[in-house]
Amino acid sequence: MTDLATGFHTRTGMFEDWLDQRATMRAWEDFLTFKELDPIRTSGVRREILESWSRSLASGIDATAELAPLDETEERLEDARQKNSELRAAARHPFEKIGPLLSEANALLILTDAEGLVLDQIGDLRTHDAARSIHLVRGGQWDESAIGTNGIGTAIRSGRPTVVHASEHFCQGIKAWTCAAAPIRDPVDQRIIGAVDLSGPPSIFRPHNVAMIAAVAREIESSLAERQEMRRTRLLEAFLDSGPTRSSRDAVVILDRIGRVMYHRFPAGVPKTPNPPGLTLGQQFITLTGTMSDQDIARAIPPHLQPSGISRLFLDGEFSGAALILPPRRSTPAIAAEPFRIPPRAGAERDELLMIGQSPKFVKAVDLARRTAAAGSPVLIQGETGAGKELFARLIHTSAAHKGRAPFVTVNCGAISADLFGSELFGHVSGAFTGASREGKAGKFEQADGGVLCLDEIGEMPLELQPYLLRVLEQRAVYRIGCSKRRQVDVQLVAMTNRDLGQEVEAGRFRRDLYYRIGAMTIEVPPLRERPCDIPALADHFNRAVATKMRREPLLLSEEVATRLGAYGWPGNVREMRNLFERLHLVVSDGVVTEADLPPAFLAPVAVPHGKLSAPQEPDLPPNLTDMEEQAIRRALAAEQGNLTRVAAVLGISRPTLYRKLKTYGIKRSYG
């Protein structure tokens with residue numbers, strides 16, 4: 001067994017497979033000597049370790065430190081253990097289940113709070129005794145800002161499961177240890193609330209340790225989610241038992257003990273939108289504490305949402321939240337739905353985007369995109385043309401750990417010839433092929449290193465090149481065309497398509513292994529016809545946006561036009577609506593839109609009960625995205641009377657792409 005005092009000098013074939021310990025030590029020594037990361041001297045060190053070393057040095061961490069800080073008074077520890085009682089309770093079952101397995105395994109299972117403070121620990125007693133020498137015990141502070149690169153602190157800092165092995169640690173005194181850690185996220189708002197870690201001498205290292213510890217973290221999160229749901233139910237019961245005077249027209253909002261929205265009920269039409277700004281489930285509405293009186297709570301609430309009643313809620317004798325009674329709104333204007341904002345990319349300060357929608361399918365897709373961003377894994381975004389897939393790609397980019405500062409590179413797979421596809425993605429060296437640039441060129445993967453690479457229309461990717469994409473995803477490295485040099489890349493792949501890739505696989509037009517690799521996390525973007533409640537808000541947004549761009553007042557829509565917009569099938573989805581308002585602002589001269597101003601497709605009503613209008617209904621719902629795409633093209637051709645320029649604009653695709661799709665589906669190019 002490797003001795004804890006000298007373990008980082010002991011070498012085995014298993015460790016050599018993971019990393020070269022001597023090379024890592026030399027890179028660490030050079031880094032401390034020259035205060036910079038030399039690409040040659042650090043070529044064998046993983047990127048996440050180099051980034052952590054840089055943060056540690058910038059934080060002023062003493063690289064010769066032998067142990068982590070420890071709170072001798074234990075006051076902070078007891079306060080932290082009490083504050084994180086729910087986290088500790090959620091971790092109890094997996095710890096009790098795994099603990100006995102570690103008794104003879106030279107390993108410790110450790111739970112920390114969000115600041116890296118060790119709350120609980122279980123495992124091998126001899127290893128526990130050795131851990132005392134570096135303060136890897138209750139009360140020990142293992143945040144990166146306290147002890148530099150280590151499994152716990154680096155996992156919390158990076159927001160993803162991390163392994164730090166032996167010489168990869170920043171401080172000399174802990175290089176005799178190996179650790180694999182994973183952050184634990186609150187199931188309500190996804191903030192990091194702690195970490196779970198497996199630590200011991202280098203001899204316990206296995207490449208799958210990080211997968212095991214990530215599974216423990218997920219189990220703790222699942223337990224937390226169950227507890228949160230139980231607490232939510234109990235808070236609702238406590239509110240019902242409190243018996244405050246309320247009307248069936250009142251809105252009810254229940255907050256947890258720190259002020260997050262755990263439940264809300266907004267009666268139909270009061271207010272007009274189901275989710276006023278600031279009252280999204282899981283969002284912190286106000287900062288709430290047990291010492292606040294009703295008056296204190298009222299003062300913390302925005303004036304436009306002042307409640308008519310406040311009930312402080314208690315569970316098992318402890319303050320656990322508050323219920324707010326919001327009176328009916330008497331003002332007639334509807335409250336605009338709060339959009340999901342996508343901040344501008346670096347260097348594009350005016351590039352802020354808005355994702356507008358409150359329909360359940362849309363909100364679910366947005367939530368999944370945010371969680372996918374945190375995971376950093378490949379993601380497939382499926383949806384009809386014009387539904388807004390590119391917005392979800394941008395949302396993933398800005399929601400990831402780099403918060404939008406890293407590259408965001410897009411490639412339209414349908415706009416690149418098969419001959420040039422490989423060089424565009426993977427790059428080439430000088431003279432690699434006829435027409436190659438003299439200086440060589442980095443491919444899109446290298447350009448996106450550290451960020452997001454978005455492959456639009458991935459279903460158009462040549463079949464013969466798909467194995468190379470799969471290899472890059474598996475190896476996280478590229479080889480430029482004409483070059484044998486391996487170039488490491490850290491890229492989150494976002495693939496988009498308006499096709500049903502599952503059907504493409506069965507038809508032999510897309511590789512099954514690549515589909516499983518990119519489709520493990522799939523986001524289905526709902527078409528606009530499945531989001532009828534979002535149509536008014538989107539119409540108002542595009543109306544105002546086009547008016548601002550043209551420096552004129554927004555158009556007024558007649559009641560008949562508003563009805564037509566709500567009843568229309570929107571084959572071109574959100575993009576079609578944007579193009580519609582650009583057209584209306586050009587053709588309407590008196591500022592009021594009437595039915596006569598609408599394109600012919602909007603004027604084909606189908607009578608339904610109560611005298612309302614609806615878009616013509618297809619006899620059968622198309623079974624997949626491919627059929628939906630064909631249907632959208634046929635509808636757009638009919639609406640635009642065969643004008644291919646306008647059809648391409650409505651569908652949001654290029655004319656060459658439209659020609660190719662017409663040929664694919666056997667659609668005649670002219671209508672009349």
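Select helix 5 (residues 85-98) and centre the view on R92: helix 5 bends there by about 40°, and a proline, P94, follows within four residues. The bend is the angle between axes fitted to the seven residues ending at a position and the seven starting there. Helices (H or I, at least four residues) and strands (E, at least two) are DSSP runs, numbered from the N terminus.

The model on display is predicted: local features require pLDDT of at least 70 and side-chain atom pairs pLDDT 80 or more, whereas totals for chains, interfaces and linings use all residues. Residues are numbered from 1 along each chain as its sequence is written, and side-chain values use heavy atoms, without hydrogens or water.

Remain on helix 5 and display its ends. From first to last C-alpha, its 14 residues reach 20 Å, close to the 20 Å expected at 1.5 Å a residue; that expected span is 1.5 Å times one less than the number of residues. Next, colour the buried residues (under 20% relative accessible area, with exposed over 50% and partly exposed in between; 1.4 Å probe, protein chains only). In helix 5 these include E86, L87, R88, P94, F95 and I98. Among the elements that cover them are helix 4 (75-83), strand 1, strand 2 (118-123) and helix 9 (209-242).

Proceed to strand 2 and select Q121. Q121 counts as buried because its relative accessibility is 16%. Its side chain forms a polar contact of 2.3 Å with the side chain of H128. A polar contact is a pair of N or O atoms within 3.5 Å; within protein, one must be able to donate a hydrogen and the other to accept it, and residues adjacent in sequence count only if both atoms are side-chain atoms. The Q121 side chain also reaches the backbone oxygen of L136 at 2.4 Å.

Now select strand 19 (residues 492-497). Why is strand 19 largely enclosed by the rest of the structure? Six of its six residues are buried, so the rest of the structure largely encloses it. Q492, V494 and M496 lie on one side, and L493, A495 and T497 on the other. L380 stands opposite A495. Strand 16 (residues 452-456) also pairs with strand 19 in the parallel sense over four bridges, and L455 has A495 as its bridge partner.

Finally, colour the chain by pLDDT, the predictor's confidence in each residue from 0 to 100. The chain mean is 82, and 84% of residues reach 70 or more.

Methods: Contact = heavy atoms within 4.5 Å. Pairing = 2+ DSSP bridges.
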